Amino acid sequence: MPLHYPRLAAIALGLSLVAPCAAQQPLPLAGSPEERPDIDLYALMSGTCRTLKVDGREFPCKTVAFFHSEKGRAHFTVALDDPADESHIIAFSGINGKRSLQNVYELPVDRMLLNSKHRPKVDGIPVPAAQGSSGSCRQVGNFAMLKVTSVTCSAKDDSGRAYELQFVSDGTPITLRRVRQTMTNAEHNPYE
């Protein structure tokens, strides 16, 4: 099933921006450094999910994206095509991802970020639950060339639930964005 972007890309981006402060911990105080998102790069990919399984249940996917934080945490985020839940999104999350070959990026997964319509919301966006996990993701392609051929991920969370993704690009160049942090207080003039 082909992926569709507009609304779901915004949701996935919003979820990934909220994710660093999410987990199953109390939310930080407003204005604290932990509350500020630290995403510095995101990439939207066009193609199909040959396999997308959550705890043995298969789903089609709507959007696949990659997010990277300034602190080194990365997420392969997938919006599921779940008729029962428009907010059903999972993310394979880890740190210390690295390029093992010229066009291969590998990410060890240490947590799954799980989102649904039943999750608490911050600014109208559901905050994902973080589940300790083990697994890995492998991306074939090169962001600098705006080309990703495939992404495969496999993980199992601490509760024994398994997650699997096999994404294949349709050949369309990825949409790659670098994100700069800006001041958002009322005293800052955004036009300067």
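Is Phe67 buried or exposed? I looked this up before anything else. Phe67 is buried, with a relative accessible area of 0%. I keep in mind that this is a predicted model.

**Entry: aromatic pairs**

I searched the whole structure for aromatic pairs and found five. One of them joins Tyr42 and Phe67, and this pair is stacked. I noted 5.9 Å from centre to centre and 20° between the planes. Tyr42 sits in strand β1 (residues 39-45) and Phe67 in strand β4, so the pair ties together parts that are 25 residues apart in sequence. I then checked the accessibility of Tyr42. Tyr42 has 17% relative accessibility, and it counts as buried because the cut-off is under 20%.

Next I took Phe76 and Tyr105. Their ring centres are 6.4 Å apart and their planes stand at 55°, so I list the pair as tilted. Phe76 belongs to strand β5 (residues 74-80) and Tyr105 to strand β8 (residues 104-115). The two are 29 residues apart, and the pair links distant parts of the chain. Phe76 counts as buried at 0% relative accessibility. Tyr105 is buried too, with a relative accessible area of 16%.

Which residues form one aromatic cluster with Phe76 and Tyr105? I found Phe66 and Phe143 in that cluster.

**Entry: Ser69**

I went back to strand β4, which covers residues 61-69 and contains Ser69. Ser69 is buried, with a relative accessible area of 3%. I left aside its neighbours within four places in sequence and asked what Ser69 is in contact with. The contacts are Asp38, Ile39 and Asp40.

**Entry: disulfides**

How many disulfides does the structure hold? I counted two.

One joins Cys49 to Cys61, with 1.9 Å from S to S. The link of Cys49 and Cys61 is right-handed, with 100° about the S-S bond. Cys49 lies in strand β2 (residues 47-54) and Cys61 in strand β4. They are twelve residues apart, and I note that the pair links distant parts of the chain. Both Cys49 and Cys61 are buried.

Another disulfide joins Cys137 to Cys153, with 2.1 Å from S to S. I read 115° about the S-S bond for Cys137 and Cys153, and this link is right-handed. Cys137 is in strand β11 (residues 129-142) and Cys153 in strand β12 (residues 147-157), so the pair ties together parts that are 16 residues apart in sequence. Both Cys137 and Cys153 are buried.

Last, I numbered the bonded cysteines of the protein chain in sequence order, and the pairing reads 1-2, 3-4.

Definitions and conventions. Residues are numbered from 1 along each chain as its sequence is written. This is a predicted model: local features need pLDDT of at least 70, side-chain atom pairs count only at pLDDT 80 or more; totals for chains, interfaces and linings use all residues. Side-chain values use heavy atoms; hydrogens and water are left out. Helices (H or I, at least four residues) and strands (E, at least two) are DSSP runs, numbered from the N terminus. Buried means under 20% relative accessible area, exposed over 50%, partly exposed in between (1.4 Å probe, protein chains only). Contact means heavy atoms within 4.5 Å. Rings of Phe, Tyr and Trp (its six-membered ring) pair if their centres lie within 6.5 Å; planes under 30 degrees apart count as stacked, over 60 as edge-to-face and the rest as tilted. A disulfide is a pair of cysteine sulfur atoms within 2.5 Å.
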